[in-house]
Amino acid sequence: MDKLMEVRDLKKYFKTPRGTVHAVDGVSFTIERGKTLGVVGESGCGKSTLGRCILRLIEPTEGEVLFEGTDICSAKRRELKKLRKDMQIIFQDPYSSINPRRTVLELIAEPIKFNNIIPNATETDIENRVLELMKIVGIDERLINAYPHELDGGRRQRIGIARALSLQPKFIVCDEPVSALDVSIQAQILNLLRELQHEMGLTYMFITHDLSVVNYFADDIMVMYLGQVVEKAPSEVLFENPMHPYTQALLSAILIPEVGANPHHIKLRGEVTSPIDPPDECRFAKRCNYVTEGCRKGTPPLLEVSPGHFVACHCIKPGGINTLKETVVEESEEICPCPPIE
Ligand SMILES: Nc1ncnc2c1ncn2[C@@H]1O[C@H](COP(=O)(O)OP(=O)(O)O)[C@@H](O)[C@H]1O
Ligand SMILES: [Mg+2]
């Protein structure tokens, strides 16, 4: 296996006046070169923090991030600058991540100039490279002097993609890249990302709160809940045999084409454990329809239940033996497991 990225027991804690937020709390995974790892979970479960930590845009509290074998957490400034070109990020809202007072030309030229991608380049060389990138991401060359507000959301996201590609990266964190776009445009951007992956051999970490998006896109899926991984598996395994009660609830919330809402939609109780100094128990226990006394005894380890399929649940034993029994809970507020993102 050709591991491009390997993350070991990564933690990111934020100290706040109210206590310590355990935003990412002991996350491990690997991504093979040329593949896509989908990272799913509700808003606030730590997806963006994870994505930023592995690019060292923010400093992890603990853990290791190996990129082609180099630990980026201990990399010195010069080495990090070199690594940064290989590792890029695309954000959810292209409008807030680009300067509205710059033209398309200036926006795409900026990272090329800043990183001195074309040594001794003239303005014409840069413009030619920008035109080339515009073609690759599908922006009409006549828009080279347009400002972001003159473009629709899909084209603005294409600028974000062109900026990332301008550095010829190996790895891109896509942080909810289509969540802010109309559904019709979502598919176009997803197709573009996929084509680019095949053409350029890119490796992605694809973050989304929407499982139906990663189904289409990811080779492996990692489901997060309050800073921890609750289930991880090849996509088809996760969709066919979701084992963790949280994954089951997330999957049941997906709309079925021509049917709409799934009639077997699993409702969860609304009481969410706080990420601030969380207790040493299963973090999903308060919302779980299968909760037992045992669920309060420590954080469940992530066990491999079948080759490549990992689950962290006190009621799922080695070998995939499932002891989940639905517990009768009193009527309480029920909320959809997948509220719209902020
Ligand atoms: N700079 C920060 N200071 C304090 N808490 C933060 C900070 N950034 C994120 N958090 C908290 O960390 C948790 C994870 O946030 P985030 O990574 O943005 O989640 P997601 O991307 O899954 O929505 C949330 O509880 C959030 O409030
Ligand atoms: Mg986020």
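How much area is buried between domain 1 and domain 2, and what percentage of it do carbon and sulfur atoms give? The area is about 1300 Å², and carbon and sulfur atoms give 61% of it. Buried area here is the accessible area (1.4 Å probe) that two parts lose on being put together, summed over both.

The structure is a predicted model, in which local features need pLDDT of at least 70, side-chain atom pairs count only at pLDDT 80 or more, and totals for chains, interfaces and linings use all residues. Residues are numbered from 1 along each chain as its sequence is written, chains are lettered from A and ligands numbered from 1 in the order in which they are written, and side-chain values use heavy atoms, with hydrogens and water left out.

Domain 1 spans 3-225 and domain 2 spans 243-335. These bounds come from an automatic or database domain assignment. The domain centres, taken over C-alpha atoms, lie 30 Å apart. In the interface, 13 residues of domain 1 contact 13 residues of domain 2 (heavy atoms within 4.5 Å).

Two salt bridges are counted between the domains (a side-chain nitrogen of Lys or Arg within 4 Å of a carboxyl oxygen of Asp or Glu). Glu42 and Arg287 form a salt bridge through their side chains, at 3.2 Å from N to O.

Ligand 1 has 13 residues around it (a heavy atom within 4 Å). Gly44, Gly46, Lys47, Ser48 and Thr49 come nearest. A backbone N or O atom of Cys45 is 3.2 Å from a ligand 1 oxygen atom. For Gly46, the corresponding backbone distance is 3.1 Å. Ser48 places a side-chain N or O atom 2.9 Å from an oxygen atom of ligand 1.

Terms used:
Polar contact = N/O pair within 3.5 Å; in protein donor to acceptor, adjacent residues only side chain to side chain.
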